[in-house]
Amino acid sequence: MNLFDKISDDIKKAMLAREKVRLEALRGAKKEFLEAKTAKGANGELSDETATKILVKMVKQRKESARIYEDNNRPELAENELAEAAVLEEYLPKQLSPEELEAELKAIIAETGASGPREMGKVMGVASKRLAGRAEGKAISDTVKKLLNPA
């Protein structure tokens, strides 16, 4: 079962269980999936890889919104955003721990032959594709900087 079908199925379960936050989060994901499916040049298909990218983006948006709400002293709104982010994260691959991320990046650096900060772009290109959905872009970037700039 692909991600689109799994989320569609879980929407029905959330409706029956009357889980409001879960239902809202999944409906939002399905809306994004449908838009991606019907976008120009999308041929009506949605790969799990594309669906994962959409979910990563949605989780990031929810967390950013929660941070903004907390900065503006609206904890009740922040709580809802974080709850939706948690629901969406259930559908993402297991996130890499900082140690696992560093090990993966060391292998990519060795593979690309990068030896200094000037070659960060080369490493980021490979790492972004290979670690998509398993680590946040900022975490990847920060770790690559640390590994290429031994101070």
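This is a predicted model: local features need pLDDT of at least 70, side-chain atom pairs count only at pLDDT 80 or more; totals for chains, interfaces and linings use all residues.

Residues are numbered from 1 along each chain as its sequence is written, and side-chain values use heavy atoms, with hydrogens and water left out.

**Exercise 1.** Find how many salt bridges the model holds.

Solution. A salt bridge is a side-chain nitrogen of Lys or Arg within 4 Å of a carboxyl oxygen of Asp or Glu. Applying this rule gives 21 salt bridges.

**Exercise 2.** Describe the pair Lys13 and Asp10.

Solution. First, their side chains form a salt bridge with an N to O distance of 3.8 Å. Next, because they sit 3 residues apart in helix α1 (residues 3–17), about one helical turn separates Lys13 and Asp10; helices here are DSSP runs of H or I, at least four residues, numbered from the N terminus. Finally, Asp10 is buried at 9% relative accessibility, where buried means under 20% relative accessible area, exposed over 50%, and partly exposed in between (1.4 Å probe, protein chains only).

**Exercise 3.** Locate the partners Lys63 and Glu89.

Solution. The closest N and O atoms of this salt bridge are 2.8 Å apart. The pair links distant parts of the chain, with Lys63 in helix α3 (residues 48–71) and Glu89 in helix α4 (residues 75–89), 26 residues apart. Lys63 is partly exposed at 33% relative accessibility, and Glu89 is partly exposed with a relative accessible area of 33%.

Definitions and conventions
Helices (H or I, at least four residues) and strands (E, at least two) are DSSP runs, numbered from the N terminus.
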